[in-house]
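Me: I would like to go through this structure term by term. For each label, tell me what it rests on.

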Amino acid sequence: MSEPRLHNLGIILNGVTGRMGTNQHLLRSILPIIRQGGVLLPSGDRIMPVPLLAGRNPQKLAALSAQADGLKWTTDLDTALADPAYPVYFDAQGTLPRAAAVARAIRAGRHIYCEKPSAATTREAYALYRVAQQAGVRHGVVQDKLWLPGFRKLKALLDRGFFGRVLSVRGEFGYWVFEGDTVPGQRPSWNYRSEEGGGIILDMLCHWRYLIDNLFGTVKSVNCLGATHIGRRIDEAGREYTCTADDAAYATFELANGVICHFNSSWCTRVRRDDLLTVQVDGTEGSAVAGLRDVWIQPYGATPRPIWNPDIPQAIDFYGGWQKLPEQQAYDNAFKAQWECFLRHVVAGEPFPWTLLEGAKGVQLAEKGIESWQRRKWIDLPELKPIAAGAQQAVESAPSMRPGRKPTRRKS
Ligand SMILES: NC(=O)c1ccc[n+]([C@@H]2O[C@H](COP(=O)([O-])OP(=O)(O)OC[C@H]3O[C@@H](n4cnc5c(N)ncnc54)[C@H](O)[C@@H]3O)[C@@H](O)[C@H]2O)c1
C-alpha cells in the first residue's frame, strides 16, 4: 500500500474580513480544519487548505492575518486568480459584487465556493451556473442550515417516517435588530438598503429554498408579503439613513407534493419561542419543532385533546406535552461541515449536490417572492434546468466584470 498523501489546496478567501468571512468561514471552518490536520479521505490521504486572505483593506487583512496564524493576504485579486497555487476561489463579499467576482474566477479556471445569495438576480445566478458547468470547474454554494444539528435531527425523523404524511411546515425566523440609536445595531447597514443588495427576502428566502427542497419537497409556488417596518436606522459611522429594503417577509410556499409551508422572517420581532429559527412540522402521525440545535416531538399517542373554553384557566400544559430528542451523536459547526464536503468534492470527486444551480434556485425563490409582493399574486417557479458539465451551449447574459446590478425592489 502506498503512503497516505497530503493534498495541499490553495484557496482564495475573498471578502474574508466581513462578518461571515471572518467568523464562520475563517475562524470556525478553515482554521479549525487546518488545526485538526486537514480533512481525512477514505484512502487515508488528507486535504490541507492553504488560504490566501483577500480583500480591499490592507489594515484589516493584516490584523486578521495576525489573528489567524499569520496567513498570507493580498489586495490584488487579479494576481491571486492568475496564480496556479490557488485552484479554489471562495467569495463572502457583500451580495452585489459577488457575481462579477465569481465569473472572473471561473474564467481563470478556479473551482468556486461562495456565500448565498450566489447573485442578486436569477439571471445572473443561473448564468454563473452555466459558465461554471461549461468551464468544467467544481462549484458550490453555502447552504449551512442543512448541517445544523436541529435540521439534521429533523431529517432523520423524516427519513424514519416519524410524521406519517407531512401536512404542513411553519418556520419562524427572526429577532429584534436594534436601530442603532440607543443600542448598537447587530447587522451591517447594507442589509437595510436594497441598492446595496440588502433586504430580508433576498437574504432569507435563499435559505428557505434549500431547506424546504432538501427536507420536505420541491417548492412549486410562492406568495410573499414584504414590509419595511422600521424606516430609519443608524449606520456603522453613526449616521442616520433611510431603510430602502424590506425588513420582514411573510411568505407561503406550495410544494409539488402538496405540503404547505409558511415562513415568517423578521428583523423586527421579539423572540418568545425555543430559538431564533424554529420549524414546526405537522404530520398525520406526529409533529416536531426543530430549533438550531434541539428538536421536540409529539407523537400521535401523546397528542392532547384541547377544548376551546377561555372562561376557565387553560388546563393543558402545552409545552409539557413535548419530548426533547436526546443527543445521539456529536455535530460539528455547520459551515465547517459543508466546507469539508466541498474540499472532498474538489480533491476526491465526492458528490456535492449543493451547487451553483441550487444557489440559483435560492435566488429565484427570493426574486419570485419579491415579484409576488409587488404584484400581490401567487407566482409559480419555472424549472431551472441542469446542464451537463463541459456542455458547449451559448451562455446568455454571463455576468460581466462590472459590479453587480442592483435588484429591482419596491419601497413599501
Ligand atoms: N450563510 C449565512 O447564514 C449568511 C448569514 C449572513 C450573511 N450571509 C451572506 O454573506 C455575505 C456577507 O455578509 P456579511 O454579513 O458578512 O456582510 P459584511 O458587510 O460583514 O461583509 C461583507 C464583506 O464584503 C466586502 N465588500 C462589500 N462590498 C464590496 C465590494 N464592492 N468589493 C469588494 N468587497 C466588498 C466588505 O468590505 C466586507 O468585508 C452576504 O452575501 C450575505 O448574504 C450569509
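Reply: Start with pairing: two strands pair if DSSP finds at least two bridges between them. Helices (H or I, at least four residues) and strands (E, at least two) are DSSP runs, numbered from the N terminus. This is a predicted model, in which local features need pLDDT of at least 70, side-chain atom pairs count only at pLDDT 80 or more, and totals for chains, interfaces and linings use all residues. Residues are numbered from 1 along each chain as its sequence is written.

Me: What makes S8 and strand S13 a pair?
Reply: Seven bridges join S8 to S13 (residues 260–266), in the parallel sense. The definition asks for at least two bridges, so the two strands pair. Within this pair, Glu172 stands opposite Asn264 in S13.

Me: In which sense does strand S8 pair with strand S14?
Reply: S8 (residues 166–174) and S14 (residues 277–283) are antiparallel, with seven bridges between them. Here Gly171 is opposite Val279 in S14.

Me: How many bridges join strand S15 to strand S16?
Reply: Five bridges join S15 (residues 286–290) and S16 (residues 295–299), and the two run antiparallel. Gly286 has Pro299 in S16 as its bridge partner.

Me: What is the order of strands in the open sheet?
Reply: The order of its nine strands is S17-S16-S15-S14-S8-S13-S12-S9-S18, and the pairing is mixed.

Me: Why do S17 and S18 stand at the edges?
Reply: Strand S17 (323–324) and S18 each have a single partner strand, so one side of each is left without a neighbour in the sheet.

Me: How many helices and strands are there in the protein?
Reply: The protein has nine helices and 18 strands.

Me: Why is the protein called as compact as a globular protein of that length?
Reply: Its radius of gyration is 22 Å, close to the 22 Å that the globule rule gives for 412 residues, so the description holds. The radius is taken over C-alpha atoms, and the rule is 2.2 Å times the number of residues to the power 0.38. The C-alpha trace spans about 75 × 60 × 45 Å along its principal axes.

Me: What is the phi of Asp69?
Reply: Asp69 has a positive phi of about 55°, although Asp69 is not a glycine. Most residues other than glycine have a negative phi, and most peptide bonds are trans.

Me: Why is Arg376 called exposed?
Reply: Arg376 has 8 other C-beta atoms within 10 Å, so Arg376 is exposed. Phi of Arg376 is also positive, near 50°. The residue lies in the loop between helix H9 (356–375) and strand S18 (379–380).

Me: What makes the peptide bond from Lys116 to Pro117 cis or trans?
Reply: Omega is near -10°, and the bond is cis. Pro117 lies in the loop between strand S6 (111–114) and helix H5 (122–135).

Me: Into which domains is the protein divided?
Reply: The division is into domain 1 (6–144 + 334–364) and domain 2 (146–324), with bounds that come from an automatic or database domain assignment. Their C-alpha centres lie 28 Å apart. The contact takes 16 residues from domain 1 and twelve residues from domain 2, where contact means C-beta atoms, placed from the backbone, within 7 Å. On the domain 1 side, H9 gives the most, with four residues.

Me: Which residues around the ligand come nearest?
Reply: Gly18, Arg19, Met20, Gln93 and Gly94 come nearest, of the 21 residues around the ligand. A residue is near a molecule if its C-beta atom, placed from the backbone, lies within 6 Å of it. Helix H1 (residues 19–35) gives the most to this shell, with three residues. Domain 1 and domain 2 each supply at least three residues to the shell.

How values were computed: Buried ≥ 20, exposed ≤ 12 C-beta atoms within 10 Å, placed from the backbone. Contact = placed C-beta atoms within 7 Å.
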